[in-house]
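This briefing goes through one protein chain, from its overall form down to single residues. Please keep the sequence and the structure in view while reading.

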Amino acid sequence: VGTRSKELCGGTHVERTGQIGQFLIVSESAIGSGVRRIEALTGTEARARVVERGRTLEAIRELVGGTRDELLARTTELVKAREELDRKSHQDEKTKAAAEVDRILASAEDFSGVKVVAARVDIAGQEMLREAGDILRLKLTKGAGIIGAVVEGKVLLLAFVGDSLLSEKRIAAGDVAREAARVVGGGGGGKPHMATAGGHDVAALDKALARAREFILERIG
């Protein structure tokens with residue numbers, strides 16, 4: 001029959017457990033196969049941590065309102081409200097991205113049967129930029145383009161090449177993205193069908209898009 005060992009260690013061993021005083025576990029982790037470490041505070045340090053936690057809970061209670069007994073319920077309500085707000089915000093962003101895609105498609109230029117787009121978009125972040133790029137690739141199978149946005153003071157760029165045009169091996173999205181990124185003082189790259197890039201010179205975004213457009217036209221002839 002196997003045995004389990006337990007040891008309380010804090011440097012110098014105590015003569016009796018009563019010397020430890022208050023005991024507060026602060027962490028627990030694995031340090032090896034079948035071995036776990038429990039770290040705790042004792043004595044005055046443990047009491048100080050309990051007091052600190054109590055003050056934190058009181059500060060939270062004052063923020064959310066209600067009594068201490070209602071603290072968990074109030075906090076849960078706030079978390080659920082935030083999640084719902086985030087969900088609605090995400091849906092709003094998707095709606096906006098869809099509208100931006102429609103606008104870009106309407107402005108696509110036709111060069112001997114190849115559709116080309118280069119446009120600034122009003123999109124909140126990289127996730128929505130990718131979603132817009134995915135839709136554009138599906139809509140413009142024989143096309144290529146780049147879209148860009150300023151997000152949190154930085155330039156985000158996404159280049160794409162439709163499958164039909166990609167099969168001709170005349171242009172790769174990574175090359176388009178890197179060409180545009182040079183103009184905004186950045187870099188990037190990716191796969192032949194889609195690539196991302198970024199930079200810090202937000203004032204040069206329109207120039208970067210224009211350069212990417214020229215680059216695409218050079219490649220498709």
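The points below are grouped by topic.

The structure is a predicted model. The chain holds six helices and eight strands. Its radius of gyration is 29 Å, whereas the globule rule gives 17 Å for 221 residues, so the chain is more spread out than a compact globule.

**Overall form**

- Taken along the principal axes, the box filled by the C-alpha atoms is roughly 90 × 50 × 40 Å.
- Of the 221 residues, 30% count as buried.
- Counting contacts between residues at least 6 apart in sequence, 51% join residues that are at least 24 apart.

**Surface and charge**

- The chain has an accessible surface of about 14,200 Å², and carbon and sulfur atoms make up 50% of that surface.
- There are 35 positive and 33 negative side chains, and the centres of these two sets are 3 Å apart.

**Nonpolar cores**

- The largest nonpolar core has 26 residues, and those touching the most other members are Ile146, Leu157, Leu165, Val176 and Ile216.
- Two or more residues of this core come from each of strand 4 (114-120), strand 5 (143-151), strand 6 (154-161), helix 5 (173-183), strand 8 (194-199) and helix 6 (205-220).
- Helix 6 gives the largest share of this core, with seven residues.
- Beyond its neighbours within four places in sequence, valine 176 is in contact with Ile146, Ala159, Ile171, Ala212, Phe215 and Ile216.

- Arginine 137 is part of helix 3 (residues 126-139).
- Arginine 137 counts as buried because its relative accessibility is 12%, and the cut-off for buried is under 20%.
- Not counting residues up to four places away in sequence, arginine 137 touches Phe160, Val161, Gly162, Asp163, His193 and Met194.
- Threonine 196 belongs to strand 8, and this residue is buried, with a relative accessible area of 16%.
- With neighbours within four places in sequence left aside, the contacts of threonine 196 are Gln126, Arg130, Leu157, Leu158, Ala177, Gly188 and Gly189.

**Leucine 41**

- Leucine 41 sits in strand 2 (residues 35-42).
- Leaving out neighbours within four places in sequence, leucine 41 is in contact with Gln22, Phe23, Leu24, Val26, Ala46 and Arg49.
- The C-alpha atom of leucine 41 is separated by 62 Å from that of aspartate 163, and the two residues are 122 residues apart along the chain.

**Positive phi angles**

- Most residues other than glycine have a negative phi.
- Serine 112 is not a glycine, yet it has a positive phi of about 55 degrees.
- Serine 112 is in the loop between strand 3 (109-111) and strand 4.
- Lysine 169 also has a positive phi, near 55 degrees, and is a residue other than glycine.
- The place of lysine 169 is the loop between helix 4 (163-166) and helix 5.
- Are these two residues buried or exposed? Serine 112 counts as exposed, at 79% relative accessibility, and lysine 169 counts as exposed, at 76%.

Definitions and conventions:
Residues are numbered from 1 along each chain as its sequence is written. This is a predicted model: local features need pLDDT of at least 70, side-chain atom pairs count only at pLDDT 80 or more; totals for chains, interfaces and linings use all residues. Side-chain values use heavy atoms; hydrogens and water are left out. Helices (H or I, at least four residues) and strands (E, at least two) are DSSP runs, numbered from the N terminus. The radius of gyration is taken over C-alpha atoms; the globule rule is 2.2 Å times the number of residues to the power 0.38. Buried means under 20% relative accessible area, exposed over 50%, partly exposed in between (1.4 Å probe, protein chains only). Contact means heavy atoms within 4.5 Å. Accessible areas come from the Shrake-Rupley method with a 1.4 Å probe; for residues, only the protein chains shown count as cover. Lys and Arg count as positive and Asp and Glu as negative; His and the chain ends are not counted. The place of a charge is taken as NZ of Lys, CZ of Arg, CG of Asp or CD of Glu. A nonpolar core is a set of buried Ala, Val, Leu, Ile, Met, Phe, Trp, Tyr and Cys residues joined through side-chain atoms within 4.5 Å.
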